[in-house]
Amino acid sequence: MKNASSHKQPGVRDSFGSSFGVLVALAGSAVGLGNLWRFPYLVGQNGGAAFILIYLVFVCLLGLPILLSEFIIGRRSQASARAAYKTLAPGGSWGFAGILAIVCCTLILSFYSVVGGWGIDYLFKAVRFDFTRESGAPLDTMFSTFSTSTWRPLICHTIFLALTAGIVISGVKNGIEKFSKVMMPVLFLIILGIAIRSLTLPGGGAGVDYLFKPDWSKVTTDTFLAALGQAFFSLSLGSGMVITYGSYVKKDANILSLGAQTALADTVFALIAGCAIMPAVFAFGISPGEGPGLVFITLPHIFGQLPLGGVIAIFFFVALLLAALTSSISVMEVIVAFVIEEFKMKRRTAVIVVTLSIWALGCLCSLSLGAVDGLKLFGKTIFDLFDFVSANVLMLIGGLIVVLFVGWKLGKKDVHDELTNGGKLPIPEWFIDLLLFLLRFVAPAAILIIMIFQLLK
Ligand code: TRP
């Protein structure tokens, strides 16, 4: 490793500098396109408040326990995703779970970087005031023409991935932690400001009702599937991210409190993003169920009509880009840490190899949306396939393995040791028993039921 921190202490593994640094890096990974793009449109498609309540229950009963389990695996082993399992369970075949995690992150980063690139293009459009200009193209055609074209999305994907690589190459403390420390507060202020603007629009009250007054008649099994998938995606679970970041956390940090704060921060961000988007959607009489185009078609339409909308659009797409970057660096770090440890590569070389591979896969994703015919597998575009296989299959399997590993293979002593730092932190016995019960029975059952329902569909 050639970055500054390891120059000072050769041979020492990179780590986060402070517990605030860990928190912002974890929250940075969790808060991303999942909060600003995926959550609002899923809320819109699944009927509002009832979906949000189900989502919150999943975050508490499944999300937090899985987050803590990954934390335990990472910090106990001080190793990257695959080596972590091999360290804690030598000789077993658990290392396979690490490989699944790497594959999962590879797929995620490939399409995530394409969407991040769309964010860059839309930021350019916002800066040129394209959304507020009278003569501009209709926004739905603007989006479909852009996302199905060849060069512009590829160039933007390249820029986004280069930015991600630029941060990851500087290491954990000097790259990831530093960037997140500055950008997360900025992101929070921007989203909060937009939410206040949106909540004070005349007619915005209907959006607030939609977010907070549940209508249970709209709930189906699909609502539960979507809510669980979103809890996994938004908390970056089942993909080795928390294992990898956890391995950079010092032995005296309180991982229970870090985990709880991460889940809380992610949820608060999602709810504020909902408050930024839904009241405006209702104030302008637009249907909330637009789907994935919500952020790239519906919102620009709103910016076009809102007083000072052109400026708000710039802030919004800056926020989207920052949120996407603090997440994409975490996905890349999972793969880079694996390559460094498994192939004994220098960080710089590892980042270059990983970036080039993801770049090629991302190009396929982008081109499959329309520019090149026939880039399809199993009837889906490569883009949709990567999204589906990672978020709906691999992350769930990864989560299942994590809970089985911590609940049954490691067991109470290791969980107790990690949560209390070897008896130093006062964590009540009943809490650890409750956590183990959730990990051994509730979480595996819930994940299996959801996977079976998905297969049957
Ligand atoms: N949680 C991020 C979001 O909400 C996405 C993300 C970051 C992620 N790292 C991940 C998803 C690792 C899966 C795995 O946008």
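Tutor: Helices here are DSSP runs (H or I, at least four residues), numbered from the N terminus. The model is predicted, so local features need pLDDT of at least 70 and side-chain atom pairs pLDDT 80 or more, while totals for chains, interfaces and linings use all residues. Residues are numbered from 1 along each chain as its sequence is written, and side-chain values use heavy atoms, without hydrogens or water.

Let's start with S113, which sits in helix α6 (residues 95–127). S113 is buried, at 0% relative accessible area (buried is under 20%, exposed over 50%, partly exposed in between, with a 1.4 Å probe and protein chains only). Beyond its neighbours within four places in sequence, S113 contacts H157, F160 and L161 (heavy atoms within 4.5 Å).

Now to the largest pocket, with about 910 Å³ of space. It has 31 lining residues, and R38, D387, F388, N392 and Q454 are the closest to its centre. A pocket is an open set of points on a 1 Å grid over the protein atoms alone, where a 1.4 Å probe fits, with protein on both sides within 12 Å along at least five of seven lines; lining residues have an atom within 4 Å of a point. Helices α3 (33–45), α7 (139–147), α11 (221–234), α17 (382–410) and α19 each give this lining at least two residues, and α17 gives the most, eight.

One more stop: N421 lies in the loop between α18 (412–420) and α19 (429–456). Its phi is positive, about 55 degrees, although N421 is not a glycine, and at 11% relative accessibility N421 is buried.

Definitions and conventions:
Grid points are joined across faces, edges and corners, and a volume is the space filled by probe spheres set on the points.
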